[in-house]
Amino acid sequence: MKIHGASVHLVVPEMDSGPIIAQAALAVRDDDTQARLAARVLAAEVAPYGITVNCVAPGRVETDMTAMVDSGTNSALANAIPAGRMGTPDEVAAAVGYFVSEQAAYSTGAILDVNGGSFMP
């Protein structure tokens, strides 16, 4: 896998058990299979301790950063997404909100793509 830039953000609660949420962003993704595998391996390692590990993988989202790009480029990129638009921060936050909720207590090793269909493994 060739990655030109990457960041991983973890939401780790201050408790002995609970959820860990990883939001991974790859600047250039040739293949994110290894990042997905890493989330699943970590989930398997810590599951016996009551810790869940899940990943939210957002696609292009309307943010201050994307607003700095000219509208023609944003339109072209949005048109390339099967849903025909960019996502919103609230849509990504809802995915994270699910993983930190009690309803996700049995979810671990999951990768939730919030991308309008632009990446379907």
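Modeller: A salt bridge is a side-chain nitrogen of Lys or Arg within 4 Å of a carboxyl oxygen of Asp or Glu. By that criterion this predicted model holds one salt bridge.

Colleague: What makes the pairing of Glu91 with Arg85 a salt bridge?

Modeller: The closest N and O atoms of Glu91 and Arg85 are 2.6 Å apart. The cut-off is 4 Å, and the pair therefore qualifies as a salt bridge.

Colleague: Why are Glu91 and Arg85 called partly exposed?

Modeller: Glu91 has a relative accessible area of 32%, and Arg85 has 41%. Buried means under 20% and exposed over 50%, so a value in between is called partly exposed.

Colleague: How do you know whether Asn115 is buried or exposed?

Modeller: The relative accessibility of Asn115 is 10%. The limit for a buried residue is under 20%, and Asn115 therefore counts as buried. Asn115 is found in the segment after strand E4 (111-114). Not counting residues up to four places away in sequence, Asn115 touches Gly59 and Ile81.

Colleague: Why does Gln103 count as exposed?

Modeller: Gln103 has 63% relative accessibility. Gln103 is found in the loop between H4 and E4.

Colleague: What makes the link between the side chains of Gln103 and Ser101 a polar contact?

Modeller: The side chains of Gln103 and Ser101 are joined at 3.1 Å.

Colleague: How do you know that the buried residues of H1 line one face of the helix?

Modeller: The buried residues of H1 are Arg36, Ala39, Ala43 and Val46. Seen down the axis of H1, they fall within an arc of 110°, so they line one face. On the other side of H1, Leu37, Ala44 and Glu45 are exposed. Strand E3 (51-58) and E4 are among the elements that cover the buried residues of H1.

Colleague: How does the span of H1 compare with the one expected?

Modeller: Helix H1 (residues 33-46) has 14 residues and reaches 20 Å from its first C-alpha to its last, close to the expected 20 Å.

Colleague: Which residues form the largest nonpolar core?

Modeller: The largest nonpolar core consists of six residues, namely Val56, Val61, Val92, Ala95, Phe99 and Ala104. Helix H4 (residues 89-99) gives the most to this core, with three residues.

Note on methods: Residues are numbered from 1 along each chain as its sequence is written. This is a predicted model: local features need pLDDT of at least 70, side-chain atom pairs count only at pLDDT 80 or more; totals for chains, interfaces and linings use all residues. Side-chain values use heavy atoms; hydrogens and water are left out. Buried means under 20% relative accessible area, exposed over 50%, partly exposed in between (1.4 Å probe, protein chains only). Helices (H or I, at least four residues) and strands (E, at least two) are DSSP runs, numbered from the N terminus. Contact means heavy atoms within 4.5 Å. The expected span of a helix is 1.5 Å times one less than its number of residues. The arc is that of the directions from the helix axis to the C-beta atoms. A nonpolar core is a set of buried Ala, Val, Leu, Ile, Met, Phe, Trp, Tyr and Cys residues joined through side-chain atoms within 4.5 Å. A polar contact is a pair of N or O atoms within 3.5 Å; within protein, one must be able to donate a hydrogen and the other to accept it, and residues adjacent in sequence count only if both atoms are side-chain atoms.
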